[in-house]
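Subject: Model handover

Hi,

Here is the model we talked about. Please look it over with the notes below.

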Amino acid sequence: MQTPETTPTRDRACPNCANAMAPAQDWCLECGTAAPGRLAGPGRAGFRAAATIVSAVLLLVGGAVAASYAALNSKAQQAAIAPAPVSAAPQVAAAPPTTAPAPVVPPAPVVPPPATSTPTPAPAPKPAAAAPKPAPPAKPKPAAKPKPAPAPQPTGHRPLDLGVDVASVYDPDKVATDQTDPADSYDANGKTVFTVTTARAEQMGVGLAFDLETLQSVEKVYFRTTTPGFTVEIYGAEGKLPPDILDTRWKHLATRKSAATDKSSHGLVKLLFAPGKYRRIVLWFTTPPPVDGAAQPSESATVGISEVRIID
């Protein structure tokens, strides 16, 4: 009986490609198929040895990679901790390049196609307007007549504006026997005349009083008479009408004897006195006018007054 060491060997054929394989050949050199019985039995120990070698190689490679990574990481930390050299210039980050915006090109205007319609003919020019006729020469205007100079306005004193029913007969002794309307003495009508008649032939003792309603400045009294030759006195009072001509509230202002006997006066009598403020003015008649030119008076006496003006 032969032992395995003395058992003769012989060539084998590849079960896949039928190529000849040596007795100790575990793999076909042509197709790489394992020899029969290679994956089982004693050949299994060789596969394990190969696997062990491969694993060891892989472990060595992995350890080398890990050591290299650790070395690199340690150098990086040392570089980060180490202070920067004094002479080193600061690193300035470069500004990102600016890109100019592309110019905007406006779209080309769309030109409408020419109209195919028939153009409208232009209107015929209007005839030029006729030149204006020359204006006739202006006729010279006649020289304007000089306007008359305005009449000079009265200056200074003026008649007072008397109201209505401001005149009355002043007869404190009740001697008047006849009289007309006292308003006829200042109605601006020369044809109307105020008359008063008394029974006293020597001293009439009656008057014509005016109420100015308020204190007024007075310094002249004008009047016309139709019976010249009598004597008249002017009195003024500041308040209400005194009851008698002898009352001290009357102030004697002026006296005129033989009033209007001068024919050139035409019956106008002017009495002037010192200016003062009065509310009451009275024309007081004393000596009556002569009758028919006789010096001796008759049994009665009459005085006629028209157009009295009280002037300030």
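A nonpolar core here is a set of buried Ala, Val, Leu, Ile, Met, Phe, Trp, Tyr and Cys residues joined through side-chain atoms within 4.5 Å. Buried means under 20% relative accessible area, exposed over 50%, and partly exposed in between (1.4 Å probe, protein chains only).

The model is predicted, so local features need pLDDT of at least 70 and side-chain atom pairs pLDDT 80 or more, while totals for chains, interfaces and linings use all residues. Residues are numbered from 1 along each chain as its sequence is written, and side-chain values use heavy atoms, without hydrogens or water.

Core. The largest nonpolar core has 35 residues. Phe210, Phe223, Ile281, Phe285 and Ile305 touch the most other members. Strands β5 (194–198), β6 (206–225), β7 (232–237), β8 (251–256), β9 (268–285) and β10 (301–311) each supply at least two of its residues. Strands are DSSP runs (E, at least two residues), as are helices (H or I, at least four), numbered from the N terminus. Another core lies apart from this one; it has eight residues, among them Tyr170, Ala209, Tyr235 and Trp284.

Tyr278. This residue sits in strand β9. Tyr278 is buried, at 4% relative accessible area. Beyond four places in sequence, contacts of Tyr278 (heavy atoms within 4.5 Å) include Leu212, Gly236 and Leu253.

Salt bridges. There are five, each a side-chain nitrogen of Lys or Arg within 4 Å of a carboxyl oxygen of Asp or Glu.
- Arg158 pairs with Asp312, closest N and O atoms 3.9 Å apart. Arg158 is in the loop between α1 and β3 (167–170) and Asp312 in the segment after β10, so the pair ties together parts 154 residues apart in sequence.
- Arg279 pairs with Asp211 at 3.0 Å between the closest N and O atoms. The pair links β9 to β6, 68 residues apart. Arg279 is partly exposed at 27% relative accessible area; Asp211 is buried at 18%.
- Glu307 pairs with Arg309, closest N and O atoms 3.2 Å apart. Salt bridges with shared partners also join Asp211, Arg279 and Arg280 into one network.

Loop. Thr227 lies between β6 and β7. Thr227 is buried, with 19% relative accessibility. A polar atom of the Thr227 side chain lies 3.0 Å from the backbone nitrogen of Gly304.

Best wishes

Key: A polar contact is a pair of N or O atoms within 3.5 Å; within protein, one must be able to donate a hydrogen and the other to accept it, and residues adjacent in sequence count only if both atoms are side-chain atoms.
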